[in-house]
Amino acid sequence: MRKFLRRLSIFIILLSFVFLGGGAIVSYIENGSILPETYLIGLSDSDVSISTVDNEGVKGLSSGKDTNDKNNNVNTNTNTNTNTNNIINNDNSNNNNNQNIDNNQTNEIPVDENVSVEEVPNTEIVDGTVPGEEVIVDENDTLRKNIENKFGISVKYGTETEGYKVDTLSTVSMTDKNEIKKALLDMEATISLFPEDLFWELKNNGYPLTIYLIKNYSIENITGITESYSNRVNISIATKFSFGETFNHEVYHYLENFITKFKGASYSSWNTLNLSSFTYGSAISDLSYNRTYSEDAYFVNNYAQTSANEDRASTFEYMMFTNKASCLNTNKPVWKKAKFMSRLLEKYLESVKPEVTEYWERHL
């Protein structure tokens, strides 16, 4: 009987541990691991545009405020990848700060979760690091310094991005050294498509660029944001997505802000390139190339219809694509927009030479 009672008491204690202790663990995981949902509403000091993309490429906008730098006026544009279509007429072409969040396919490095440290021969973990990891860290810093020295762009990653926020959006820093290395290599390859002195020109004219390489935002389908201040620009990129499209979209906002604020460039005649009946803030799929694949489309996608500056940044993405889209065929509506943009960059940027065919001009 005593043996039975002892076993029964042990069983009761175990049950108590499962129901009490286990519940606490589950509660901790739920409260600690899932990032709180964040909305950019009820804000007023400066404009924030959040763009969304559904599975078919429809993008939309909503508004809020940027609070990241209270000493500068900041307007932001944001591109995300969601299953919602919220279209609000909001042309931020003349805003002081643009935040753009681009939508790309995921391109994560595969990880075999079934491989444990014990399965790797001759591997020791000392102070939380594996032998050889310091070599990768040093290699990453070398890659970063090469980018900074060659192109004049500052780059932050890992612990340097901890606590980085854009409005109410928090970010998750990158911790995997191999993923950081891949992001830096992708970045170097993409920047190399631009004129070598381009980013130096903007920096030397008081408009330097800092790139924040992060894993993701608290809203996980956001891929990149551009924050334009009066004397600097920050572009943050969620590296869990494809790098190139995000970077190219955001960089065009950076270039456009520079030539309008510092060089006096004007897009006042831009609307003449659209149908006379068209108003930004619409989402007319019949006018979008990625819906119709018609060379006569007026926009590359529905997101381009949300505002004039997003129209241009989205068009620039297509100009940077490896393969030519038929909407860039000579004298077609999107081609005319691309030529307009290209001519302004040539006119106002000394590093963009008229006699040189830049990468974004190959299809023109």
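This is a predicted model: local features need pLDDT of at least 70, side-chain atom pairs count only at pLDDT 80 or more; totals for chains, interfaces and linings use all residues.
Biologist: Among contacts between residues at least 6 apart in sequence, what percentage join residues at least 24 apart?

Modeller: In this chain, 70% of those contacts do. Leu 169 and Ile 222 lie 53 residues apart in sequence, with their C-alpha atoms 9.9 Å apart. Asn 257 and Asn 309 are separated by 52 residues, and the C-alpha to C-alpha distance is 9.8 Å.

Biologist: Where are Leu 169 and Asn 257 placed?

Modeller: Leu 169 belongs to strand 6, residues 169-173. Asn 257 sits in helix 5.

Biologist: Is Asn 257 buried or exposed?

Modeller: The cut-off for buried is under 20% relative accessible area. Asn 257 has 1% relative accessibility, so it counts as buried. Leu 169 is also at 1% and therefore counts as buried.

Biologist: What describes two packed helices?

Modeller: Two packed helices are described by the angle between their axes and the distance between the axes. Take helix 3 and helix 5 as one case. The axes of helix 3 (residues 177-191) and helix 5 come within 10 Å, crossing at roughly 50 degrees. Helix 3 is therefore oblique to helix 5.

Biologist: Is the crossing of helix 3 and helix 5 right-handed or left-handed?

Modeller: Helix 3 and helix 5 make a right-handed crossing.

Biologist: Which residues meet there?

Modeller: Helix 3 contributes Asp 186, Met 187, Thr 190 and Ile 191, which meet Phe 243, Gly 244, Phe 247 and Asn 248 of helix 5. By class, four of the residues in this contact are nonpolar, three are polar and one is charged.

Biologist: And the second case, helix 5 with helix 8: at what angle do the axes cross?

Modeller: The axes of helix 5 (residues 243-261) and helix 8 (residues 333-348) cross at roughly 55 degrees and come within 11 Å. The two helices are therefore oblique to each other. Helix 5 passes helix 8 in a left-handed crossing.

Biologist: Which residues of helix 5 and helix 8 meet?

Modeller: On the helix 5 side they are Tyr 252, Leu 255 and Ile 259; on the helix 8 side, Met 341, Leu 344, Leu 345 and Tyr 348. The residues of this contact comprise seven nonpolar, no polar and no charged.

Biologist: How many residues does helix 8 have, and what does it reach from its first C-alpha to its last?

Modeller: Helix 8 has 16 residues and reaches 23 Å, close to the 22 Å expected at 1.5 Å a residue.

Biologist: Which residues in helix 8 are buried?

Modeller: Among them are Pro 333, Val 334, Trp 335, Lys 337 and Ser 342. Met 341, Leu 344, Leu 345 and Tyr 348 are buried as well, and these four meet helix 5.

Biologist: Which helices do the buried residues of helix 8 pack against?

Modeller: They pack against helix 4 (198-204), helix 5 and helix 7 (308-320).

Terms used. Residues are numbered from 1 along each chain as its sequence is written. Side-chain values use heavy atoms; hydrogens and water are left out. Axes are lines fitted to C-alpha atoms, for helices over the stretch in contact, and angles run from 0 to 180 degrees between N-to-C directions. Angles under 35 degrees count as roughly parallel, over 145 as roughly antiparallel, 65 to 115 as roughly perpendicular and the rest as oblique. A crossing is left-handed if the near helix is turned anticlockwise from the far one by less than a right angle, and right-handed if clockwise. Contact means heavy atoms within 4.5 Å. Ala, Val, Leu, Ile, Met, Phe, Trp, Tyr, Cys and Pro count as nonpolar, Asp, Glu, Lys and Arg as charged, and the others, Gly among them, as polar. The expected span of a helix is 1.5 Å times one less than its number of residues. Buried means under 20% relative accessible area, exposed over 50%, partly exposed in between (1.4 Å probe, protein chains only).
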